[in-house]
Amino acid sequence: MKTKQILLLGCLSLFQGFTLLQAQPVLETGKGKMPDAWIDKATGHLVRRLINTPGNHRSFYFHNNPFVDGKMVYYGSDIIPRDTSFGADGYVYHPKQNPYNNQIYTYDLKTGKSRQLTHKANSMAGEIVSRLNHEAYFQIKDSVFGVNVNTGKLKLVFVFPDDFKANITTVNANGKLLAGAYATPAEKEISRKYPQKGSYFNRIYEARLPRTLFTINIQTGKLSKIFTDSAWLNHVQFSPTDPDLLMFCHEGPWHKVDRIWTINVIKRDTPRLIHKRTMDMEIAGHEWFSSDGKYIWYDLQLPRGKDFYVDGTELATGKEVKYHLTRNEWSVHYTSSWDQTHFAGDGGARRSVANAPDGKWLYYFTPEGDHFSSEKLVDLNEHDYKLEPNVHFSPDGKWIIFRANFEGHTDMYEVKIAK
């Protein structure tokens, strides 16, 4: 009898799941206003919009982990509730909202409810979340703040001195240190004078101005200068498991730099090069740590725009693992699953480095020998890649979260990996 009940419940669950799936419309993604959920006509996968309030909503950059306490931290438009008699949507935009819409919110992964944590009129920066501290960190001008993701309590963490105006970008594994890179006033002037990336990128690289890596002790407020080099030190990331290990890059034209480096912030030893170029026009970049901290993965092209790989360096041994992919499968950013068994990519536009004729897809990759087997998850042909989708695996590994603008504004979505 008990066995029959278990079988009946199992069949009922499958039937309910099938009914739910069948209830979703099958649509071409991005062809007009989308419903809350739909089946992508081109791929057969279920896609859902995460946020259903007005404004723009932006998930984090691909290597910044946004998940803490069953929630996802994200940036969204500054809105306040209002009497619905004044408007059907029940919300009004904050009169002083920043045009980049970067107030900090949390999205509850179980209930689907959002909560706004900040109401700041000034421009905010920083996609930094500490699982141990239950805090998200951000910066306004010279001041660094932390906000508790569960209570919304805000605190001032640090104020940069007048002679060292820098930016934080990462927090370490034990929640004790923030880190970032300091740029000279001369470099900042280049960025101010030439605000477009195509204008400042080579200028900053060629200037060879010094940059300094630093840490801030969250409890004591102590600022420590770790390493200075006459190179454009950028993309500063702490290991997710080793609190002392900091990764950074030599920014600039990728075919001119040996890009990916690490340094121990306590020992302050000589930086270690993770991958050295072996041919003319080879590039490696958009690096990230595996969730277990054992590998650093990156986009590898041998040479640029010709032959495409996702490459990983095992930190303990220096051994590299390469997975080949096709031109159309190349992605602006890749990421790896929490259990290290799969990868995902956010595709790329025709104007991107791969010059792919059909690359505007969100991909799910399975390693098979020396290459990836790929599956298309979302049709992004109506998405403008001036906004990078930046994929994240959900904590349960069942969904991939991304941002897109195919509805005419920036919003966050998730696609179910299983059909």
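Q: Where is the place of Thr118?
A: Thr118 sits in the loop between β10 (114-116) and β11. Strands are DSSP runs of E with at least two residues, helices are runs of H or I with at least four, and both are numbered from the N terminus. The model is predicted, so local features need pLDDT of at least 70 and side-chain atom pairs count only at pLDDT 80 or more, while totals for chains, interfaces and linings use all residues. Residues are numbered from 1 along each chain as its sequence is written, and side-chain values use heavy atoms, with hydrogens and water left out.

Q: Why is Thr118 called buried?
A: Buried means under 20% relative accessible area, exposed means over 50%, and partly exposed lies in between (1.4 Å probe, protein chains only). Thr118 has a relative accessible area of 2%, so the word is buried.

Q: What does the side chain of Thr118 reach at 2.9 Å?
A: The side chain of Thr118 reaches the backbone nitrogen of Ile104 at 2.9 Å. A polar contact is a pair of N or O atoms within 3.5 Å; within protein, one must be able to donate a hydrogen and the other to accept it, and residues adjacent in sequence count only if both atoms are side-chain atoms.

Q: Which residues does Thr118 touch, not counting residues up to four places away in sequence?
A: They are Asp78, Gln103, Ile104, Met124 and Phe138. Contact means heavy atoms within 4.5 Å.

Q: What makes Thr313 buried or exposed?
A: Thr313 has 1% relative accessibility, so this residue of the protein counts as buried. Thr313 is found in strand β25. A polar atom of its side chain lies 3.4 Å from the backbone oxygen of Ile274. Beyond four places in sequence, Thr313 touches residues including Ile274, Lys294 and Tyr295.

Q: Why is Ile226 called buried?
A: The relative accessible area of Ile226 is 10%, and therefore Ile226 is buried. Ile226 has its place in strand β18 (residues 223-229). Leaving aside neighbours within four places in sequence, Ile226 is in contact with Leu213, Phe214, Thr215, Ile263, Val265 and Arg268. Ile226 and Arg268 are 42 residues apart in sequence, and 6.2 Å apart in space, C-alpha to C-alpha.

Q: Why does Asn355 count as partly exposed?
A: Asn355 has 40% relative accessibility, so it counts as partly exposed. Asn355 lies in the loop between β28 (343-345) and β29 (361-368). Its phi is near 55°, a positive value in a residue other than glycine.

Q: What makes Asn390 buried or exposed?
A: The relative accessible area of Asn390 is 0%, so Asn390 is buried. Asn390 also has a positive phi, about 55°, although it is not a glycine. Its place is in the loop between β30 (371-379) and β31.

Q: Which peptide bond is cis, with omega near -5°?
A: The peptide bond from Leu302 to Pro303 is cis. Pro303 has its place in the loop between β24 (295-301) and β25 (308-314).

Q: How do you know where empty space is left?
A: Rolling a probe the size of a water molecule over the atoms shows where empty space is left. On a 1 Å grid over the protein atoms alone, a cavity is a set of points where a 1.4 Å probe fits but cannot get out; a pocket is an open set with protein on both sides within 12 Å along at least five of seven lines; lining residues have an atom within 4 Å of a point. Grid points are joined across faces, edges and corners, and a volume is the space filled by probe spheres set on the points.

Q: How many cavities of 30 Å³ or more does a search of the whole structure find?
A: The search finds one. About 30 Å³ of space lies in the largest cavity. Its lining consists of Glu187, Ile204, Tyr205, Arg208, Leu209, Ala231 and Trp232.

Q: How much space lies in the second largest pocket?
A: The second largest pocket holds about 810 Å³ of space. Of the 33 residues that line it, the closest to its centre are His63, Asn64, Asn65, Pro240 and Trp338. β11 gives the most to this lining, with four residues.
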